[in-house]
Amino acid sequence: MNARDGILGRVREAVARRERREHPGSFQGWRPEPLPEDALVGFTQLFEAAGGEVLRFESEAAGREWLHGFAAAFAGVAVGETVPAALRPDRPALPPETAPLGVSMARGAVAETGSLVLDARDGRRTQLLPPTHVVFVRRDEVVATLQEALAILRDDLPSAVGLHSGPSKSADIGQILVKGVHGPGRVVAAVVGTVGTGP
Amino acid sequence: MSRSRPSGYSAESSRILRDDPGMRAAVTAATRTFDDHRRDAWTRIDADAWRSWAEGVKSHLLTHLDTYLEQAEERLVANGAHVHWAETTDEALAALGAVVDRHGVASAVKGKSMLSEELGVNDFLEARGVHVRETDLGEYIIQLLGEPPSHIVGPAIHRSVEDCRVLFHERLGTAMDASPDALAAAAREALREEFVTADLGMSGGNFLVAETGTLALIENEGNIRLSTSAPRVHVAFVGIEKLLPRLDDLSAFLQLTTRAATGQPIGNFVSLIQGPRRADEVDGPEEVHVVLVDNGRTRLLADDEAWEALRCVRCGACLNICPVYRQTGGHAYGWAYSGPIGSILAPGFLGLEESLPLPYASTLCGACADVCPVRIPIPDLLLKWRRDAVDEKLTPAAERLGMAAYATAATRPGLFAVGGAAMRGTPLALGGRALPVLKDWVGERGPLVPSPKSFRRLWKEGIE
């Protein structure tokens, strides 16, 4: 008998002894106080509390203008595959292994957890290797709960999704918090556009 | 990696308390901090409702586990991942060994995984000549020290900043007065090279969603994301109990686990992995292997009481609040999982005889049950294993005789009074070192000093 049959056989025997429990139904996010009505407000609170930075731009043009100024201080930049041409900085392109700055496009953001939703199709190394990470996210794609974000992803899942909820950090050395251990130590969420009007 | 066994618990905990008092201080401070954060995080949600819901989902999962295992396998294969089934440690390591051989793996990086500790993955790879590097900062520290982790979530909480300064000075050449930031930067630099050159990345799995074949991994440093993104092959070890039915269930489990573990709303980095890199992706592993591991889990599942322990999400909340764990940290427990949860998992994973005396490493105060995010009745299960140990005659003969004698006396008031008076006499005046059962008891504890008056006498005289 192979391992698969052995394991499944023992599981079936064990399960047959139990009273079957029904699934309790969809999670309802029970909280003493509701999440902020504006998802961007909730996202900003948590993302900043975790050590991230949040900037808001009314238009892509305004976002691009800011990025040009910001990126000028860096020798080069690694840019994600799905970052629109209008948001690409005018700096030399470097591979993620050596770029001091990475720029990614998020698929969305989550208020309840303060998370950016990053898709493998944008490039995983760009999301992880440069010490500073700028992530563009569309104002319309900031949702209230992680459940909503997963529901949006569900039918179009790439090989990997990363939820990034602040800079890389660790308290493994004597319980003292340090940033930028392996992933980016500085992360800027650049929210572009206004509600309902797109970018 | 040197590790004692569960049977050495009493001697090892005595040794730690006697010879390494800094460990108690470090572990107590760290676990109190974790627990304070958990407490605060739970005031922001309706924790009772979240925990009851999570208990319900995991109980549903475990009572339909065969169906969900088959579904997870089907989805993973459809996503392009390879699925291996392992009944034992040897089979899990053999699956890894086959991948290592086929890809000619020379070096590997690993994200923190308790199951990989349970299996002894690092020793296995090193014996085959594969260079293997732990990449979680805490795991890296203890790998350099040659120690096992002492906590499910914070593997190096028993080590001080000063310990790390000395270690990094010797191994990475940092200054003896280096700041924690400088130490972390040195580790980042040393490990960055390993990430980008490793042939193989390894991880555990916090959850595996049957509906979508999604492997979910929670962390704070980004090392798991890197370990599962940079090398060309990814091998994930997943206990069969780690499944979740639906993607919709995952959001709550990601949040509840982190809130219970460190008090954060969610880990700084969460990886949701479906399979290998696809044609429209620029990077990611070419192969993803998921090793579904039993290794004693079906034995627990078959137990009418202890199966509930399989709901565990490995948050460490029960360790953080445990007054017994706080005294020693995890090393004394002698295997991968320590604290209250380790003491109830061990008899299932290792066998009851091999696990003794871990079910006794508890005051049964019940704090662990109060904090468990999936409502595992830990104190009940500790008692269950103690009961089984007595039924199977695994407790010391002297203890059995002593308990039988006590039962005889305690059910006969006259005999109890005479016995009590005798016990307050000579033998106990020696601190309990003269009687066989009590000698074992006090060998690893403080001396027993009897009250000069019996309780019944105090009662008659009127207790103030």
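Helix axes here are lines fitted to C-alpha atoms over the stretch in contact, and angles run from 0 to 180 degrees between N-to-C directions. In this predicted model, helix 5 (residues 146–153) of chain A and helix 12 of chain B pack at an angle of about 145°, with axes 9 Å apart. Helix 12 spans residues 247–261 of chain B and, with 8 residues, gives the most to the side of chain B that touches chain A.

**Contact between chains A and B**
- Chain A brings 64 residues to the contact and chain B brings 79.
- The side of chain B that touches chain A consists of 39 nonpolar, 23 polar and 17 charged residues.
- The two chains are also joined by strands: strand 8 (residues 160–164) of chain A pairs with strand 9 (residues 269–273) of chain B in the antiparallel sense, over 5 bridges.
- Within this pairing, A:Gly162 has B:Ser271 as its bridge partner.

**Helix 5 of chain A against helix 12 of chain B**
- The crossing of helix 5 of chain A with helix 12 of chain B is right-handed.
- From helix 5 of chain A, the residues involved are A:Leu146, A:Gln147, A:Leu150 and A:Ala151.
- They meet B:Leu247, B:Asp248, B:Leu250, B:Ser251, B:Leu254 and B:Gln255 in helix 12 of chain B.
- By class, this helix contact holds 6 nonpolar, 3 polar and 1 charged residues.

**B:Asp248**
- B:Asp248 lies in helix 12 of chain B.
- Leaving aside residues up to four places away in sequence, B:Asp248 touches A:Ser26, A:Gln147, A:Leu150 and A:Ala151.
- B:Asp248 counts as partly exposed because 17 other C-beta atoms lie within 10 Å, whereas a buried residue needs 20 or more and an exposed one has 12 or fewer.
- B:Val209 is 39 residues away from B:Asp248 along the chain, and 9.3 Å separate their C-alpha atoms.

**Domains of chain B**
- Chain B is split into domain 1 (22–297), domain 2 (306–391) and domain 3 (397–461).
- The centres of domain 1 and domain 2 of chain B, taken over C-alpha atoms, are 21 Å apart.
- Contact between these two domains of chain B involves 34 residues of domain 1 and 27 residues of domain 2.
- On the domain 1 side, helix 2 (21–43), helix 3 (47–62), helix 6 (114–119) and helix 12 of chain B each supply at least two residues.
- Helix 2 of chain B gives the most to that side, with 8 residues.
- The side of domain 1 that touches domain 2 in chain B has 14 nonpolar, 10 polar and 10 charged residues.

**Strand 7 of chain B**
- Strand 7 (residues 233–239) of chain B is mostly covered, with 7 of its 7 residues buried.
- In a regular strand, side chains alternate between the two faces of the sheet.
- One side of strand 7 of chain B carries B:Val233, B:Val235, B:Phe237 and B:Gly239, and the other carries B:His234, B:Ala236 and B:Val238; all are buried.
- Strand 7 of chain B pairs with strand 4 (residues 200–203) of chain B in the parallel sense over 4 bridges, and B:His234 in strand 7 has B:Gly201 opposite.
- Strand 7 of chain B also runs parallel to strand 10 (residues 287–293) of chain B, joined by 7 bridges.
- In strand 10 of chain B, B:Val291 stands opposite B:Phe237.

Methods. Residues are numbered from 1 along each chain as its sequence is written. Chains are lettered from A and ligands numbered from 1 in the order in which they are written. This is a predicted model: local features need pLDDT of at least 70, side-chain atom pairs count only at pLDDT 80 or more; totals for chains, interfaces and linings use all residues. Two residues are in contact if their C-beta atoms, placed from the backbone, lie within 7 Å. Ala, Val, Leu, Ile, Met, Phe, Trp, Tyr, Cys and Pro count as nonpolar, Asp, Glu, Lys and Arg as charged, and the others, Gly among them, as polar. Two strands pair if DSSP finds at least two bridges between them. Domain bounds come from an automatic or database domain assignment. A crossing is left-handed if the near helix is turned anticlockwise from the far one by less than a right angle, and right-handed if clockwise.
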